[in-house]
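Dear colleague,

Please find below the structure that I am handing over to you. My findings on it follow directly after.

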Amino acid sequence: VQRTAELPVRVFDEGLDEEIYREVPFVRKIIGSVSTREDYGRYIEKRNDILLAGDEIKDAIDNGDRERALAARERFAEELRYLPRVRAIDNAIRQVNRQMNQVRDSRTMPETQKRAIMDRLDERKQMLISRGNQILADY
């Protein structure tokens with residue numbers, strides 16, 4: 001309520017930027033802003049569906065259940081089209097996360113250098129997530 005009440009004054013003083021309307025739930029719902037977390041959540045949700053389809057087929061093959069594998073391939077035909085690209089994006093995101101952890105844990109790197117590297121890695125991660133969402137937009 002307080003954020004909503006302060007909105008007109010803040011817009012007058014600062015202008016309507018993304019940060020302001022993200023902070024006000026009512027405005028956020030109307031404008032439909034997508035935060036980084038929401039963007040990543042949307043990717044993860046779709047990614048999980050696709051990975052589960054791949055896991056189902058792998059499990060059927062590993063257990064020698066040919067009928068189940070064929071049925072799963074038919075049932076998950078759409079998901080399987082996306083599986084290689086989703087795996088590639090996931091691997092790239094994991095690599096960026098490992099690099100971010102190494103930078104964060106470094107005891108010898110100056111903080112300013114850490115921040116610069118972390119910003120670049122975060123941009124790379126956001127680009128990968130955005131690419132994943134573009135690929136999965138029609139899914």
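Arg-47 lies in helix α4 of what is a predicted model. With a relative accessibility of 16%, Arg-47 falls under the 20% limit and therefore counts as buried. Its side chain forms a polar contact with the side chain of Asp-90, at 3.0 Å. Leaving aside residues up to four places away in sequence, Arg-47 touches Val-86, Asp-90 and Leu-136.

Two packed helices are described by the angle between their axes and the distance between the axes.

**α4 with α7**

Helix α4 covers residues 36-62 and helix α7 covers residues 111-135; the two pack at an angle of about 50°, with their axes 9 Å apart. Because of this angle, α4 is oblique to α7. The crossing of α4 and α7 is left-handed. On the α4 side, the residues that take part are Thr-36, Asp-39, Tyr-40, Arg-42 and Tyr-43, and they meet Gln-126, Ile-129, Gly-132 and Asn-133 of α7. By class, the residues of this contact comprise three nonpolar, four polar and two charged.

Thr-36 has a relative accessibility of 42% and so counts as partly exposed. The C-alpha atom of Thr-36 is separated by 7.5 Å from that of Gln-126, although the two residues are 90 residues apart along the chain.

**α4 with α5**

Helix α5 comprises residues 66-75, and its axis comes within 8 Å of the axis of α4, the two crossing at roughly 165°. An angle over 145° counts as roughly antiparallel, so α4 is roughly antiparallel to α5. The crossing in which α4 passes α5 is left-handed. From α4, the contact involves Glu-56, Ile-57, Asp-59, Ala-60 and Ile-61; from α5, it involves Arg-68, Ala-69, Ala-72, Arg-73 and Arg-75. The residues of the contact of α4 with α5 divide into five nonpolar and five charged, with no polar residue.

In summary, α4 is oblique to α7 and roughly antiparallel to α5. The crossing with α7 is left-handed, and the crossing with α5 is left-handed.

Yours sincerely

Terms used. Residues are numbered from 1 along each chain as its sequence is written. This is a predicted model: local features need pLDDT of at least 70, side-chain atom pairs count only at pLDDT 80 or more; totals for chains, interfaces and linings use all residues. Side-chain values use heavy atoms; hydrogens and water are left out. Axes are lines fitted to C-alpha atoms, for helices over the stretch in contact, and angles run from 0 to 180 degrees between N-to-C directions. Helices (H or I, at least four residues) and strands (E, at least two) are DSSP runs, numbered from the N terminus. Angles under 35 degrees count as roughly parallel, over 145 as roughly antiparallel, 65 to 115 as roughly perpendicular and the rest as oblique. A crossing is left-handed if the near helix is turned anticlockwise from the far one by less than a right angle, and right-handed if clockwise. Contact means heavy atoms within 4.5 Å. Ala, Val, Leu, Ile, Met, Phe, Trp, Tyr, Cys and Pro count as nonpolar, Asp, Glu, Lys and Arg as charged, and the others, Gly among them, as polar. Buried means under 20% relative accessible area, exposed over 50%, partly exposed in between (1.4 Å probe, protein chains only). A polar contact is a pair of N or O atoms within 3.5 Å; within protein, one must be able to donate a hydrogen and the other to accept it, and residues adjacent in sequence count only if both atoms are side-chain atoms.
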